[in-house]
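Hi,

Here is the structure I promised to pass on. Have a look at it first, and then read my notes below.

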Amino acid sequence: MYAFIVTRQAGQSASTYNFLSLFNPSGSGKALRLEHAQMANYAIAQASVATPFLLSRTTAASGGTLQASSDICKYRTPDPNTVGEVRTGNPAVTLGASLWNFTPPFQLSTPGALSAVVQDVSFPEYWDRITLAPGEGIVFHQTDVGDADQRLNLILSWSETLV
């Protein structure tokens, strides 16, 4: 199994933004099975908008910052590097259907009071997990104008099987 974590990612005031994508390149010979997705978000000041964050399928991913294999956690260090491509920093993606909607963080009106929302999406053994065939991916993103006072911690974990 593999995992990648993004911490303290600032919300974006752009109308759309892609925070983290995982893509299974065509010809990889493997399927990626999502094991877990998590968004922990909080606000450091009063957020002016309540933009929800989404986890959606993709059919293409490029640009942004392609993460080095050394930055992707292997649950067992002897395992080979993942075939999955992890991108941050607003990669260009072709969106498919959305899988999950994450509630945005809000800021309490009390000065200095912070709020946080932690949301998990786990895919249990007995449930047919979301599988990314070669040429498919997933992305954490926003589709409306966000707020720079929001902070996001994102986690994706996945396993690989031969196609």
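A word on terms before we start: helices (H or I, at least four residues) and strands (E, at least two) are DSSP runs, numbered from the N terminus. Keep in mind that this is a predicted model, where local features need pLDDT of at least 70, side-chain atom pairs count only at pLDDT 80 or more, and totals for chains, interfaces and linings use all residues. Residues are numbered from 1 along each chain as its sequence is written, and side-chain values use heavy atoms, with hydrogens and water left out.

Let's begin with Glu 160, which sits in strand 12. Its relative accessible area is 18%, so Glu 160 counts as buried (buried is under 20%, exposed over 50%, partly exposed in between, using a 1.4 Å probe and protein chains only). The side chain of Glu 160 makes a polar contact of 2.3 Å with the side chain of Thr 82. By polar contact I mean a pair of N or O atoms within 3.5 Å; within protein, one must be able to donate a hydrogen and the other to accept it, and residues adjacent in sequence count only if both atoms are side-chain atoms. The Glu 160 side chain also reaches the backbone nitrogen of Val 83, at 2.9 Å. Leaving aside residues up to four places away in sequence, Glu 160 touches Tyr 2, Lys 30, Ala 31, Leu 32, Thr 82, Val 83 and Gly 84 (contact means heavy atoms within 4.5 Å).

Now the rings. Rings of Phe, Tyr and Trp (its six-membered ring) pair if their centres lie within 6.5 Å; planes under 30 degrees apart count as stacked, over 60 as edge-to-face and the rest as tilted. That rule gives three aromatic pairs here. One of them is Tyr 2 with Trp 158, stacked at 6.1 Å centre to centre with 25 degrees between the planes. Tyr 2 is in strand 1 (residues 2–10) and Trp 158 in strand 12 (residues 150–162), so this pair ties together parts 156 residues apart in sequence. Both Tyr 2 and Trp 158 are buried.

Phe 19 and Phe 53 are edge-to-face, because their ring centres are 5.8 Å apart and their planes are at 70 degrees. Phe 19 and Phe 53 are both buried, and ring pairs join Tyr 17, Phe 19 and Phe 53 into a cluster.

Last, a loop residue: Asp 71 lies between strand 5 (65–66) and strand 6 (73–74). Asp 71 has 46% relative accessibility, so it counts as partly exposed.

Cheers
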